[in-house]
Amino acid sequence: MHYRRMPIEIESPEEFGYDKVLYNLSESSVTDLNMRDLSLSIGDLDLSYIPHRGHTEFRAALAHEAGLQHPDQVLITNGAAGALFIINSALLTADDHLIVVRPNYATNIEVPRAIGCGISFIDLKFEDKWRLDPQKIAEAIRPNTRLISITTPHNPTGMVMTLAEIDAVIALAERHNVFLLVDETYRDAGFTTPYPAVASRSKCVISVGSLSKAYGLPGLRTGWLMTQHTTLMETFLAAKEMIYISNSALDEAVAWQFYQQKEQFLPAIQQKSMQNLDILRNWLEKESRLEAILPEGGVVCFLRVQPGFQVDMERFYHLLTQEYKTMVGPGHWFEMPDTYMRIGFGFTSAEVFEKGLECIGQALQHVQHGWHR
Ligand SMILES: Cc1ncc(COP(=O)(O)O)c(C=O)c1O
């Protein structure tokens with residue numbers, strides 16, 4: 001493995017310092033919850049190792065919601081990031097070939113890169129409304145292709161694949177005897193009732209999910225992977241046991257207790273995201289220097305500077321963070337030009353969100369005309 005730090009992690013707000021950011025539009029999750037928001041009873045928790053797959057009740061509930069038959073088709077992991085590491089490292093070697101969507105959450109690309117496998121990228125385009133064309137995947141398949149990796153709802157664009165598109169990719173994977181990783185971390189942050197987890201549709205699919213994004217619990221580091229493939233699940237369990245044996249007893253207890261209450265949190269979370277999305281839509285209508293394909297799910301939108309508008313993006317981002325105390329996700333976090341930027345609309349209050357958008361406009365003005373507040 002050849003590890004190197006990813007720009008999205010080096011420059012993340014938690015590494016930069018939350019106290020230096022007033023308008024945090026860089027987050028890809030809803031507002032973080034606090035222990036006091038939850039009704040927990042963990043006072044007498046045993047701090048022992050816990051079942052390596054995760055507690056059966058928790059896995060049974062996740063399996064049921066996903067449309068799967070058995071708790072053993074679910075493995076609790078250290079966040080979705082932990083699941084992605086287990087899957088990629090268990091399936092790929094330097095001799096294998098991967099097909100992966102780009103832009104993407106960086107780990108989906110960087111873990112395979114660290115392994116050194118062959119990679120074909122399926123580059124999503126603004127001009128195609130960020131839609132994934134299954135035909136492009138078909139054209140990229142090679143004799144040594146082992147894994148196809150897609151993300152829906154997609155980060156950073158908010159594109160959501162239709163079931164027909166997903167089924168077309170599943171058919172390809174089945175025909176070529178290839179595994180299909182579907183990163184569904186944003187599934188519960190969809191705008192409409194999501195379809196069952198994609199792992200329920202075929203034995204060749206591995207679904208990944210998490211409590212981080214849709215519920216604002218990234219600090220719990222609790223996610224999961226799901227597959228109907230028994231021997232593959234055994235390999236994933238072996239990988240988990242080698243890396244960290246089991247999840248933390250404390251994290252998993254909080255996660256399971258939260259999971260049983262989650263429905264009561266969702267309406268307020270979704271209302272806030274939808275309100276901010278409306279603010280974003282209205283702002284974009286007036287902001288002629290920027291354009292976007294509005295998201296269909298999740299809590300992020302990938303804007304771009306209008307191709308005709310010339311601006312020094314390095315200076316823009318510098319001013320935006322240093323002077324305007326506003327943070328967004330610049331394009332290079334996603335291997336895209338910095339004229340693209342990701343805006344998270346689920347994290348802040350409407351007031352902070354509006355102010356952050358205003359600061360983006362002011363920073364653009366500032367770079368363009370040397371204008372100063
Ligand atoms: C698509 C996607 N997958 C996985 C993750 C990792 O999430 P977690 O906090 O559950 O590890 C992220 C985080 O941004 C993400 O956007």
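**Entry 1: the β2 side of the sheet**

I began with β2 and strand β8 (residues 222–226), which run antiparallel and are joined by five bridges. Pairing here needs at least two DSSP bridges between two strands. Helices (H or I, at least four residues) and strands (E, at least two) are DSSP runs, numbered from the N terminus. I looked up I76 and found W224 as its bridge partner in β8. Helix α9 (residues 230–243) packs on the sheet and touches β2 and β8. A contact means that two C-beta atoms, placed from the backbone, lie within 7 Å. The direction of α9 makes about 25° with that of β2. Axes are lines fitted to C-alpha atoms, for helices over the stretch in contact, and angles run from 0 to 180 degrees between N-to-C directions.

I note that this is a predicted model: local features need pLDDT of at least 70, side-chain atom pairs count only at pLDDT 80 or more, and totals for chains, interfaces and linings use all residues. Residues are numbered from 1 along each chain as its sequence is written.

**Entry 2: the whole sheet**

I traced the strand order as β2-β8-β7-β6-β5-β3-β4. This is an open sheet of seven strands with mixed pairing.

**Entry 3: β5 and its partners**

I moved to strand β5 (residues 145–151). Six of its seven residues are buried. Buried means 20 or more other C-beta atoms within 10 Å of the residue's own, exposed means 12 or fewer, and partly exposed lies in between; C-beta atoms are placed from the backbone. Strand β3 (residues 97–102) pairs with β5 in the parallel sense over four bridges. L98 stands opposite L147 of β5. With strand β6 (residues 179–183), β5 pairs in the parallel sense over five bridges. Here L147 stands opposite F179. From β5 the chain crosses through helix α7 (residues 163–176) to β6, in a right-handed β-α-β crossover. Right-handed means that, with the strands pointing away from the viewer, the path from the first strand over the helix to the second runs clockwise.

I checked D167, which is found in α7. D167 has 15 other C-beta atoms within 10 Å, so D167 is partly exposed. Its C-alpha atom is separated by 9.4 Å from that of P134, 33 residues apart along the chain.

**Entry 4: A255 in α10**

I then looked at A255 in helix α10 (residues 249–259). Is A255 buried or exposed? A255 counts as buried because it has 24 C-beta neighbours inside 10 Å. Leaving out residues up to four places away in sequence, A255 touches L211, L220 and T222. L211 is 44 residues away in sequence, yet 7.7 Å away in space, C-alpha to C-alpha. The buried residues of α10 are E252, A253, V254, A255 and F258. Their cover includes β2 and β8.

**Entry 5: α11 against α13**

Last, I took helix α11 (residues 266–286) and helix α13 (residues 350–369). Their axes come within 10 Å and cross at roughly 25°. The two helices are therefore roughly parallel to each other. The contact uses Q275, N276, I279, L280 and W283 of α11. From α13 come A350, F353, E354 and L357.

Note on methods:
Angles under 35 degrees count as roughly parallel, over 145 as roughly antiparallel, 65 to 115 as roughly perpendicular and the rest as oblique.
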